[in-house]
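Hello,

Here is the structure we talked about. Please open it beside this email and follow along.

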Amino acid sequence: MYPRRTYQLLTAAALGLALVACTTVGALLGNQVNFSQPQLQNSLDRNFPKHYDKLGGLVSMTLMNPRLSIPQEGGRLRLDFDVGLGALGSDSSRPSGRFALSSALRYDPGTRGLHLQDPRIENVDVPALGGALNGSSRALLNTWLGEYAREEPVYRFDNSLLDRLGSRRIGSTRIEHGEVVVHLDQ
C-alpha cells in the first residue's frame with residue numbers, strides 16, 4: 001500500500017517539475033514554443049542601457065529603459081526606449097527624449113536568438129531637438145536600429161530550451177494573440 005502511494009507522489013512531483021520548467025523557459029506546446037511579454041522584457045532588461053559613439057565620440061547616444069509590449073493584433077511587437085543624446089563630449093547618460101519602434105521577429109541560428117525583423121520607427125519625442133530628430137540624430141538612430149536588428153537578439157534561447165527541442169528545427173516566428181510564437185518544423 002505505501003509503495004504505491006510513494007510512487008504516485010513521486011510521479012506527481014515529477015510532473016509538477018516538468019510543468020514549472022516549461023513555464024519558465026517558454027511553454028512548449030506540440031509544434032510551437034510560446035514566449036510572453038515578461039520573458040522578453042527580462043531579457044531586454046539584462047542588456048540595457050547601451051551606449052554608442054560616432055564620429056570619434058563627437059556624437060553619442062545612450063538607449064535605456066526598454067519597454068516591450070505585444071499587442072493582441074497586428075503581428076508586430078512594440079519597443080519604447082528612453083534615449084540620451086550627446087554632442088561634442090556632452091553627457092548622453094540621461095534621458096533627453098524617447099522613441100518607439102515596431103517590429104516583427106525572426107530566429108537567427110547564429111546567435112540562437114530572436115531578432116527584430118523589418119523594424120520601423122513609430123514615434124520620436126526629443127524636446128531638446130524641438131520634439132523631432134534632426135538629420136544627424138535620425139541617421140544615428142537608424143544606424144543603431146539596423147545594427148541592433150542584425151547583431152543583437154531581443155531574446156536568446158538557452159541550452160535547456162534547445163535541448164528540449166531535440167532534432168526539431170525552428171521554423172517561422174510570429175506574433176499572435178499577445179505572445180511570440182515560434183513554430184517548429186520536424
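**Strands and their partners**

Strand E2 (residues 32–35) and strand E10 (residues 179–185) are antiparallel, with 4 bridges. Strand E9 (residues 169–176) also pairs with E10, antiparallel, over 6 bridges. Which residue of E10 is the bridge partner of Val33? It is Val182. Thr173 also has Val182 of E10 as its bridge partner. E9 and E10 form a hairpin with 2 residues between them. In that turn, His177 has a positive phi of about 55°.

**The whole chain**

Step back for the overview. The protein chain has 4 helices and 10 strands. Along the sequence, the pattern reads α-β-β-α-β-β-β-β-β-α-β-α-β-β. Of the 186 residues, 37% count as buried. The chain exposes about 10,400 Å², and carbon and sulfur atoms supply 54% of that area. Take the contacts with a separation of 6 or more: residues 24 or more positions apart account for 55% of them.

**The core**

What sits inside? In soluble globular proteins, nonpolar side chains tend to be buried together. The largest nonpolar core here has 38 residues. Those with the most contacts inside it are Phe35, Leu63, Phe99, Leu114, Leu116, Trp144 and Phe157. Helix H3 (residues 135–151) gives the most to this core, with 6 residues.

Leaving aside residues up to four places away in sequence, Phe99 touches a list of residues including Leu63, Leu79, Phe81, Val83, Leu141 and Trp144. Asp80, Asn123 and Val124 are also among the residues that Phe99 touches.

**Backbone details to check**

Most residues other than glycine have a negative phi, and most peptide bonds are trans. The spots below are worth a look with that in mind.

- Asn65 is in strand E4. Its phi is near 50°, a positive value in a residue other than glycine. Is Asn65 buried or partly exposed? It is partly exposed, because its relative accessible area is 41%.
- Asp118 lies in strand E7. Asp118 is not a glycine, yet its phi is positive, at about 55°. It counts as exposed because its relative accessibility is 55%, and the cut-off for exposed is over 50%.
- Pro49 lies in the loop between H2 and E3. The peptide bond from Phe48 to Pro49 is cis, with omega near 10°.

One loop residue deserves a visit too. Ser167 is in the loop between helix H4 (159–165) and E9. Ser167 is exposed, with a relative accessible area of 70%. Asp185 is 18 residues from Ser167 along the chain, and their C-alpha atoms are separated by 9.2 Å.

The mean pLDDT of the chain is 81, and 78% of its residues reach 70 or more. Where is confidence lowest? It is lowest in helix H1 (residues 2–25), at a mean of 46. Helix H2 (residues 37–46) has the highest, at 96. Over residues 9–27, pLDDT stays under 50. The model has 19 contacts beyond four places in sequence for that stretch. Where pLDDT is low, the predicted coordinates should not be read in detail.

Best wishes

Technical notes
Residues numbered from 1 in each chain as written. Predicted model: local features only at pLDDT ≥ 70, side-chain atom pairs only at ≥ 80, totals over all residues. Heavy atoms only, no water. pLDDT = per-residue confidence, 0-100. Contact = heavy atoms within 4.5 Å. Core = buried A, V, L, I, M, F, W, Y, C linked by side-chain atoms within 4.5 Å. Buried < 20%, exposed > 50% of the residue type's maximum accessible area, 1.4 Å probe, protein only. Areas by Shrake-Rupley, 256 points an atom, 1.4 Å probe, with all protein chains shown as cover. Pairing = 2+ DSSP bridges.
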